[in-house]
Amino acid sequence: MHPPADPSLQFKFQWLNADGQPQGVFRKKGRFDGEALVLDDVQVPAAVIANVQQREGRMIVSAFGGDGNMAHLAFALSAADAQRLKAALDIARSAAWAEWHKQSLETKGRGHTYRDDRCPHCGATILLSSMPRSAQLYCHFCNTLSTVHPPQDAVPGEERLRLCDDCGMFSQPRKFTIFYFYMLIVVYGWNSRTTWRCPACMRGDAWKMLFGNLPFVLGVPVALTQLSRSYAGNVVGGAFNGLDRANLKARKGDLRGALDGYRRILERVPHSAGVKYNLGLALAKQGDTARAAETFQLALDDCSNYVPAYQMLSRCCEELGDTARLAELKAMWEDGGDEAEEEPAEAPATSELHE
């Protein structure tokens, strides 16, 4: 079922051009009522939205057009409105796709195999048909891993952990600023951009930024701040203490050191698909494909719908020539798993994109 309409979700926005910059001077009106997203004169039913990306106040909504092709709508709004809008869109579109999936299974006489769950953080509906029950749940809408079933209780702080955009490891990415100030005789200026990555991935750029800004001084305070945050930004305390250090050792090829670090975390958090995924990555990097496959399977045992582990296990099976296991995996995931943000083979027949 669709979530109830929320007529209060109204906002002002600006379209973004191909360079990601706002177009025009005046902001336009937008709203979402629980059924359709309206952006000025563009109306997008929630059921046809395939993907929503949001980073602070920038959003890209990808949806099926009337011709079946994908349309991408990029716009800027306040960060608070963007966060609320993404959450509302994810709840609505996940419910719409879940209903379509349920009806599809019933048409095939397999309605009894339908199963779903709700993300405890964003409220999206997660499809789990044909998936074994597990202690953890992965939400590809907010990219979180959550402990949802006994005997282990929810782990404080686990909602902040996800894959780093740079290294691809399970960690705690943060927002960092890369800033350079330059002065060449009569010409001066600066270059600034933001990046989201784990603190360990930021350290190299932070040192480069410090030395690059030393000759002109003005950029040094920013560099020192980012350098400090990259070293003080570990997952300090709590059950995941030491995760960054273990990840760094894994990336440097110190498998024994990484394994010791991950083992200490797993003693505190026995069910952690993300930590076991990192260990699988470390083993794969060492060329130990067989043990990597076993470790990725352990990650899936903790969280049966953990997309990153499924993808890596599939690659390992291909390398090992394990066609039987690969076929079993594909059958389970293609039969109703919520694999990444991919749409079903056919979009709901009643969906249209109106312009």
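**Exercise 1. Where does Phe240 lie, and is Phe240 buried or exposed?**

Step 1. Phe240 sits in the loop between helix 3 (220–232) and helix 4 (243–251); helices are DSSP runs of H or I with at least four residues, numbered from the N terminus.

Step 2. Buried means under 20% relative accessible area, exposed over 50%, and partly exposed in between (1.4 Å probe, protein chains only).

Step 3. The relative accessibility of Phe240 is 4%, so Phe240 counts as buried.

Step 4. Ser171 is 69 residues from Phe240 along the chain, and their C-alpha atoms are separated by 9.3 Å.

This is a predicted model, where local features need pLDDT of at least 70, side-chain atom pairs count only at pLDDT 80 or more, and totals for chains, interfaces and linings use all residues. Residues are numbered from 1 along each chain as its sequence is written, and side-chain values use heavy atoms, with hydrogens and water left out.

**Exercise 2. Where does helix 2 bend, and which of its residues are buried?**

Step 1. The bend is the angle between axes fitted to the seven residues ending at a residue and the seven starting there.

Step 2. At Asp205, helix 2 bends by about 25 degrees.

Step 3. The buried residues of helix 2 include Pro199, Cys201, Arg203, Met209 and Asn213.

Key: Helix = DSSP H or I, 4+ residues; strand = E, 2+ residues; numbered from the N terminus.
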